[in-house]
Structure formats: C-alpha cells, structure tokens
Amino acid sequence: MRAATFVLLLVLALATIFNTECVKQKEQVDCRSYKKLPPGQDRSCPKIYMPICGSDGQTYNNECFFCSEVRKTDEKLKFAHFGRC
C-alpha cells in the first residue's frame with residue numbers, strides 16, 4: 001500500500017514538473033528590425049508562406065506581414081505561435 005501511494009505521488013509530481021502546456025514556447029518572432037513606416041506607406045514583403053498566428057486570432061503569411069502589423073498597432077499585436085491560427 002505504501003509503495004502504491006509513493007508511486008502515485010511520484011507520478012503526480014513528475015506530471016506537474018513536466019507539464020508541456022506550462023512550458024513557454026522558446027521561439028519568438030523578433031520584430032526589432034522592422035521599422036514603423038509613415039502613414040499610407042506599405043512594406044513590400046516576400047511571398048514566402050511561413051504562417052504566424054497573432055494574438056488577434058489572425059494568420060499572417062510570414063514574419064514580414066506579422067511584424068508590419070505589429071508596428072501598425074504600436075506593439076499591441078503579440079505573437080501567439082507559429083502556424084495557422
């Protein structure tokens with residue numbers, strides 16, 4: 001009985017420690033190299049499809065489109081994850 005209790009507590013402790021949902025995604029998008037453009041001017045972005053999901057629930061085609069929108073929103077838009085939303 002003691003061994004079963006010990007094993008159960010050990011499993012619960014390890015599950016808590018290694019909970020993958022709690023681990024933050026290490027990869028982020030760095031938008032520091034994308035400067036804010038004057039009003040009415042659009043950035044020309046490459047047509048490479050590497051989707052990024054923004055905090056607004058919108059999928060952006062690639063880092064360039066995402067970072068352009070980040071700058072337009074004065075940093076209010078945040079990175080959610082790589083891939084489609």
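A: Buried residues make up 21% of the 85 residues in this chain. Here buried means under 20% relative accessible area, exposed means over 50%, and partly exposed lies in between (1.4 Å probe, protein chains only). The model is predicted: local features need pLDDT of at least 70, side-chain atom pairs count only at pLDDT 80 or more, and totals for chains, interfaces and linings use all residues. Residues are numbered from 1 along each chain as its sequence is written, and side-chain values use heavy atoms, with hydrogens and water left out.

The chain has two helices and three strands. From the N terminus on, their order is α-β-β-α-β. Helices (H or I, at least four residues) and strands (E, at least two) are DSSP runs, numbered from the N terminus. A contact is a pair of heavy atoms within 4.5 Å. Among contacts between residues at least 6 apart in sequence, 55% join residues at least 24 apart.

Of its 14 lining residues, Leu37, Gln41, Asp42, Ser68 and Lys72 are the closest to its centre. A pocket is an open set of points on a 1 Å grid over the protein atoms alone, where a 1.4 Å probe fits, with protein on both sides within 12 Å along at least five of seven lines; lining residues have an atom within 4 Å of a point. By class, the lining has five nonpolar, three polar and six charged residues. Asp, Glu, Lys and Arg count as charged; Ala, Val, Leu, Ile, Met, Phe, Trp, Tyr, Cys and Pro as nonpolar; the others, Gly among them, as polar.

Ser68 sits in helix H2. Ser68 counts as buried because its relative accessibility is 11%. Leaving aside neighbours within four places in sequence, Ser68 is in contact with Arg43 and Cys45.

Cys45 belongs to the largest nonpolar core, which has 12 residues, including Tyr34, Ile52, Cys64 and Cys67. Helix H2 (residues 63-72) gives the most to this core, with four residues. Such a core is a set of buried Ala, Val, Leu, Ile, Met, Phe, Trp, Tyr and Cys residues joined through side-chain atoms within 4.5 Å. Tyr34 touches Arg43, Glu63, Cys64, Cys67 and Arg71, not counting residues up to four places away in sequence.

Asn62 lies in the loop between strand S2 (59-60) and H2. Asn62 is buried because its relative accessibility is 5%. A polar atom of the Asn62 side chain is 3.2 Å from the backbone nitrogen of Phe65. Beyond four places in sequence, Asn62 touches Cys45, Pro46, Ile48, Met50 and Ile52.

Pro46 is in the loop between helix H1 (2-17) and strand S1 (52-54). At 42% relative accessibility, Pro46 counts as partly exposed. Outside four places in sequence, Pro46 touches Asn62, Cys64 and Phe65. Pro46 and Cys64 are 18 residues apart in sequence, yet 7.6 Å apart in space, C-alpha to C-alpha.

Lys47 is found in the loop between H1 and S1. Lys47 is exposed, with a relative accessible area of 85%. The C-alpha atoms of Lys47 and Cys64 are separated by 9.6 Å, at 17 residues apart along the chain.

Methods
Polar contact = N/O pair within 3.5 Å; in protein donor to acceptor, adjacent residues only side chain to side chain.
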